Amino acid sequence: MAAVWRAKVPPNSANLEEARKRVFDFFKLACRSLPKVMDIYNLDDVATISQLRSTIASQLRKNAHIKDPKVIDMLIFKGMEELENIVEHSKQRHHMIGQYVVGHHGLVQEMGTKEQGLSPFLKNFYKSNYL
Amino acid sequence: MGLGSLTSRAMIRRASTILNTTRSHNFSLVRSIVSTPELKNTASAAAEATPDPPLPPPRPPVNNARVHFPNPEDAIEVFVDGYSVKVPKGFTVLQACEVAGVDIPRFCYHSRLSIAGNCRMCLVEVEKSPKPVASCAMPALPGMKIKTDTPIAKKAREGVMEFLLMNHPLDCPICDQGGECDLQDQSMAFGSDRGRFTEMKRSVVDKNLGPLVKTVMTRCIQCTRCVRFASEVAGVEDLGILGRGSGEEIGTYVEQLMTSELSGNVIDICPVGALTSKPFAFKARNWELKGTESIDVTDAVGSNIRIDSRGPEVMRITPRLNEDVNEEWISDKTRFCYDGLKRQRLNDPMIRGSDGRFKAVSWRDALDVIAEVMHKVKPEEIVGVAGKLSDAESMMALKDFLNKMGSNNIWCEGNGGQPQADLRSGYLLNTGIADLETADVFLLIGTQPRVEAAMVNARIRKAVRSNHAKVGYIGPATDLNYDYEHLGTGPQTLQEIAEGTHSFFSAIKNAKNPAIVVGAGLFEREDKDAILSIVETIAKSANVIRPDWNGLNVLLLNAAQAASLDLGLVPESDKSIESAKFLYLMGADDVNMDKVPSDAFVVYQGHHGDQGVYRANVILPASAFSEKEGTYANTEGRAQQTVPAVPTVGDARDDWKIIRALSETAGVNLPYDSLIDVRERIRTVAPNLLSMDEREPATFSTLIKPEIKKEINPVPFKPSIENFYMTDSITRASKIMAQCSSQLLKK
Ligand code: SF4
Ligand code: FES
């Protein structure tokens, strides 16, 4: 939580243009801290810098439809907070792997259409030994 | 009860209080520690006991034991606490009390060992005898009136307890026996509530008995159970008593390790914490363990065991009583192999990449790859081998699956090229493990029972000790723990016996219950049919097979062997492995991998990264015997079941499920979805595997076999087990077993 107390809330962005610039600054800042993140969380064997970079980009793009500068400011603030937490090693390795390496779909791969036509036995077999 | 008797009782009580007060005035310096106050005045106790309270109903025998009367006329009647019981002649007072349902406290008495009578805990009062008698050593006599619950008996126990505790350390909080200690329990039940001992306790130097048994000799109460066990059951004169009186110690006379294969059992019979398990030391308390009653698979005996687990971890293995199989002992391999269950485990399906390294994949991918390869090879190039630890269900599934794929090349390791699976009597221990005790002449052919099946060896030793059975042995020089006659090393000796020119032939012929035991190691020989037919000739001419006695036995080596032959896992051709393009190893680690063609695709399904994995292209992780429910038939044809004690490791699956799933991916669905369905399928092939815990003897003797004329090969028999402690993937992964082989096997 220390990061939160220290964080200076910058004045609101005057217009969309300024908010947009701040987003790019934030992205650059995050990308610059990636080597350190790789180092402190020992992520070399599970991810590369470019993978993490595209994860960050995709998280930003998820909010691409937002046009209100105030909302963008707020999201940048939250992103900043998260970034500081990460860089200060306030998180642990499995948080990083869970949130940014494996992603939200988790370890269970969606079988989708492949599941069709399998017997209930085989479906259970793929899930666990105890079904 | 009338008013008169009440007043008289009150008067007596007043009189006794007066007596008591005068007494305590006179001896006020003596601190009395007797916790049963009525003892202070025997006169008053006797007077109070006169109006007899109604007797409680008689109790059933301890442990519901049944008494067997060898000769009905020899029954004698004794009275235990006023009840009459009939016991056979020769029973001790303690046994008579057990029949009457009274459990007598004891330390040195053990029903399977000789009587020592040196702890004195079992004192009871016998009418007309001046002093309390040690019930374990006193034969019951007709009309004896035994009293187990009188003040005198109680006082005697209390006194003995006080003497035992005098030199016993107050170690319980750091003692591994705590919670299952006879001394702890009995001092709670019979001991005094205070001690008078203020001097120093004695201390004894601990002995090093090797990697299995930990000693804290200060705790020993000199019951000598361990000494008697070592010399009577295990047959090694390793332990003994040194010194006398309070200088008495248990030890090996000269510094040496305990070299018996049954040494772990002294841990169970030691009533205190003097001998405990070294690998289990300080690992867990017995009340936090979950016990699961299961079956051992490290040899073909199928010893009954209890797997004690805590959470997902097997903490120890202890024996379970089964009079027909292992009595109450187990071998050291059975008891201490459990740490192998935690090492070298396979936990993910893996595929070997082009760089020769394994890569973890999902079950779906692994099965898809296998199914694809299987469809590319010719059916007769598909070969399946079941491992020595496989259960009947998975072998059934494997056989059905490969048959559906069009291949019939499937066998179980250890059975040799063309096993004889048509007649059950041809591969079972027909006499039965328990009945071996009654044999009076043994002929061991190419088998070293001491390392192949330690529990069977204990039975043979019992026969040698109790009926002075004669043992003849043909095979390489070996060390059996009883007297035997080394007749020769190879098949020639066998031929001499068959022709009747050998002196041992008359011994077999004149014996009442002769037993011939053939080792399953011979199955690997080229000339095994010839050898077996010679053995049959001997059996026929010496009248070894009679309607009431079948003395022709085969001693199997592995847990899976009997069930695999029952299910008919017999390969179509001898040379199938040399021409295999697809090899399915179901836990088989002892297949000679040099013979497998280099372009063959090898699938290894199993629980340990053992020898089979080195050549495998795909690994499928399976569950070990402690994690699955499986049926095993032991060497005498007794079907028994393992019960899962702990969850499986990682992403492993039960063996039969893997094959069932693979069959679906390969497009030849096996028709069973549950263990019950698989067993139904087994019922059509080998129904004997479903009658649990029952020994189904082979119905038929060997007399109508086709005559086989084959030349025997004069090469001497080889030992079939090199290292008793490491025979399968679990024991090879075990650190304790590795320590044993390095320390105990060095010659
Ligand atoms: S070590 Fe145990 S079994 Fe052996 S004499 Fe002492 S108390 Fe008895
Ligand atoms: S049990 Fe009888 S003297 Fe030990």
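Biologist: Which residue of β23(B) stands opposite G519(B)?

Modeller: In this predicted model, G519(B) faces L555(B) of β23(B).

Biologist: What makes strand β20 of chain B and β23(B) a pair?

Modeller: The pairing rule asks for at least two bridges. Strand β20(B), residues 514-519, and β23(B) share four bridges and run in the parallel sense, so they count as paired.

Biologist: Why are β19 and β23 of chain B called edge strands?

Modeller: The five strands of this open sheet follow the order β19-β18-β17-β20-β23 in chain B, with parallel pairing. Strands β19 (485-488) and β23 (552-555) each pair on one side only. On average, neighbouring strands of the sheet are turned by 25 degrees against each other, direction ignored.

Biologist: Which strands does helix α14 of chain B lie across?

Modeller: Helix α14(B), residues 503-510, lies across β17 (441-445), β18 (470-474), β19 and β20 of chain B. The helix runs at about 130 degrees to β17(B).

Biologist: Which residues is L444(B) in contact with, leaving aside neighbours within four places in sequence?

Modeller: Among them are I460(B), V471(B), I474(B), L480(B) and V517(B). These count as contacts because heavy atoms lie within 4.5 Å.

Biologist: Which members of the largest nonpolar core touch the most others?

Modeller: They are F229(B), F442(B), L444(B) and I460(B), in a core of 115 residues. Helix α12(B), residues 454-467, contributes the most to that core, namely seven residues. Another core of 91 residues lies apart from it, and F401(B), L443(B), L532(B) and F601(B) are among its members.

Biologist: What makes both faces of strand β16 of chain B covered?

Modeller: In a regular strand the side chains alternate between the two faces of the sheet. In β16(B), residues 409-412, N409(B) and W411(B) lie on one side, I410(B) and C412(B) on the other, and all are buried. Buried means under 20% relative accessible area, so both faces of β16(B) count as covered.

Biologist: How many bridges join strand β15 of chain B to β16(B)?

Modeller: Four bridges join β15(B), residues 382-386, to β16(B), and the two run parallel. One bridge sets V383(B) against N409(B) of β16(B).

Biologist: Why do strands β3 and β5 of chain B count as paired?

Modeller: Two bridges join β3(B), residues 123-126, to β5(B), residues 145-147, and the strands run antiparallel. The rule requires at least two, so this pair qualifies. E125(B) has K147(B) of β5(B) as its bridge partner. Helix α4(B), residues 151-166, packs on the sheet and touches β3 and β5 of chain B, making about 155 degrees with the direction of β3(B).

Biologist: What is the strand order of that sheet?

Modeller: It is an open sheet of five strands in chain B, ordered β2-β1-β5-β3-β4, with mixed pairing. Its edge strands are β2 (83-88) and β4 (133-134).

Biologist: Which residues come nearest to ligand 1?

Modeller: Of the 13 residues around ligand 1, C220(B), C223(B), T224(B), C226(B) and C270(B) come nearest. By class the shell has ten nonpolar, two polar and one charged residues.

Biologist: How many helices and strands does chain A have?

Modeller: Chain A has six helices and zero strands. Of its 131 residues, 27% count as buried. Among chain A contacts between residues at least 6 apart in sequence, 68% join residues at least 24 apart.

Conventions:
Residues numbered from 1 in each chain as written. Chains lettered and ligands numbered in written order. Predicted model: local features only at pLDDT ≥ 70, side-chain atom pairs only at ≥ 80, totals over all residues. Heavy atoms only, no water. Core = buried A, V, L, I, M, F, W, Y, C linked by side-chain atoms within 4.5 Å. Buried < 20%, exposed > 50% of the residue type's maximum accessible area, 1.4 Å probe, protein only. Near = heavy atom within 4 Å. Nonpolar A, V, L, I, M, F, W, Y, C, P; charged D, E, K, R; others polar. Axes fitted to C-alpha atoms, helices over the stretch in contact; angles between N-to-C directions.
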